[in-house]
Amino acid sequence: MKIAGMASNRGRNLMNVADRAPGGAEFAVVLANDAEAPVLEKAAERGIPTEVVERGEGESRRDHERRVLDALAGYEFDLVALDGYMRLLSETFLDDAPTTLNVHPSLLPAFPGTDAWGDALEYGAKVVGCTVHVVTNAIAEDGSIIEEAVDGGPVVTQEPVPVYEGDDADALADRVLYEGEFRAYPRAVKWFAEDRVDVDFEADRVSVEGDAGGQFPERRLTANDYAADLRYGENPHQDAAVYADATCEEASVVHADQLNEGAKALSYNNYNDADAALNLVKEFDRPACAVIKHTNPAGCATAETLAEAYADALATDAKSAFGGIVALNRECDEATAARIIESFKEVVVAPGYTEAALETLSEKENLRVLDVSEQYDVTESLTEKKLVGGRLVQERDTQSLAPDDLAVVTEREPTDEQVASMLFAWQTIKHVKSNAIVFADGTETVGVGAGQVSRVDAVELAATKARRDAEGKSPEGAVMASDAFFPFPDGVETAAEAGIEAVIQPGGSKNDDSVIEAADEHDLAMVMTGQRAFRHD
């Protein structure tokens, strides 16, 4: 798609669009009505042809527009983009030109006119922004201006921008330009370049094909409210803060009450680890405990009582659990609290505490005690990660397998007890950083191999942790979960050497046959899930 740009001054939006080429759009020409307009030099630097059509003294608006059309007649273009073109256009130009867009520095219909920033500040607006709209006629037959039609026309897109305490018109204008217009104008041009826009002038409405909302809409606007400064970020030289989403319904460490107010506040890493721990225990209906270190489980277990679940989780790797985060999926009782304070922990998270438990936990001055809601059912359906220059958004991994979902691929079939253990390991491994391996016995972890760049290394690490660091546990007779397929038989062979007797894995490798053959040679039971459980964050 080719664009004809028209500006009276710097044309920064036009040059931003030219540099980004949204949807492959290119400028056929840039026209100014002032020979001194800086946009002309900027366009020429980019190899864009330029034209100048100044309005003569005493020349009528419509006569000037006819000369503008004549100047553009030698160029092929599909869209006209205005940027600070300080002339209202009449039907003389608009009827002969393709669709014409303009960007206005406010969220129309609020604050039309030439001083949108000043008007917004005077009004006390807390949010301003910009509007990209289709230009419509604002000139009466006698040449007078139709005031109510100025800055009118169907809206293509808008971008909100906050107003901060102490803003003046210049500061606000810059923010609207760089945070609003530089996002909205290329977006609108891209939609036109992709031929996805339908302009209904009679209804005064623009429709964009595919812009139907849903969980992955064309535009994704999120707003979080400042909650608190943090002591520092991941490292002491990094400043940090936490922001809250007031609409979140499920249990959240961001919205948790810290019950022992005398203890120091949560750090960036505390929030991150506590969130990981809480999300893991949300997986289980039985009393469950997760002990997390650096967002990975040092141990996880379910049991008949919360105290037993904590003891089983801790015993997986008490050494690594030192200074970790404990999450529970039941009200914390005194028996569990007494076990928690036997070793150093940073944070405990639970949906409530008995008075005796709280009194016991308060014996540790700097153990942060977080009280979350009992809403452990998932209501936040998406997860996201900010990247430099963008954001990744995905559905939350809510997969939960049942025995019927497992395909037995070996000669040996797993027992019912092994199936139950494998399903526990599968729910746990979703929360272990890839490449991930979990050894489990019953419904407790035995060894965890997290974050390795080789899958066989993850198996070896899980085996080492189980043999060296687990208390009262052994990989002998345990099951193994792998979050992705085994590319080679070596992972299964290493597991068999460690004493593993059953394996759950996604399958799907081109070497599945050799992996299954290795399992049969070592008399292992193996099931495949048909889906993997990567976690890269």
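Is Met 422 buried or exposed? Met 422 is buried, at 0% relative accessible area. Here buried means under 20%, exposed means over 50%, and partly exposed lies in between (1.4 Å probe, protein chains only). This is a predicted model: local features need pLDDT of at least 70, side-chain atom pairs count only at pLDDT 80 or more, and totals for chains, interfaces and linings use all residues. Residues are numbered from 1 along each chain as its sequence is written, and side-chain values use heavy atoms, with hydrogens and water left out.

**Met 422**
- Met 422 belongs to helix H12 (residues 416-429). Helices (H or I, at least four residues) and strands (E, at least two) are DSSP runs, numbered from the N terminus.
- Leaving aside residues up to four places away in sequence, Met 422 touches Pro 414, Val 479, Ala 502, Val 503, Ile 504 and Val 527. Contact means heavy atoms within 4.5 Å.
- Between Met 422 and Ala 246 there are 37 Å in space, C-alpha to C-alpha, and they are 176 residues apart in sequence.

**Aromatic rings**
- The whole structure holds five aromatic pairs. Rings of Phe, Tyr and Trp (its six-membered ring) pair if their centres lie within 6.5 Å; planes under 30 degrees apart are stacked, over 60 edge-to-face, the rest tilted.
- One of the pairs is Tyr 226 with Tyr 243, edge-to-face, at 5.9 Å centre to centre and 80 degrees between the planes.
- Tyr 226 lies in strand S10 (residues 225-229) and Tyr 243 in strand S11 (residues 241-244), 17 residues apart.
- Tyr 226 is partly exposed at 47% relative accessible area. Tyr 243 is partly exposed too, at 46%.
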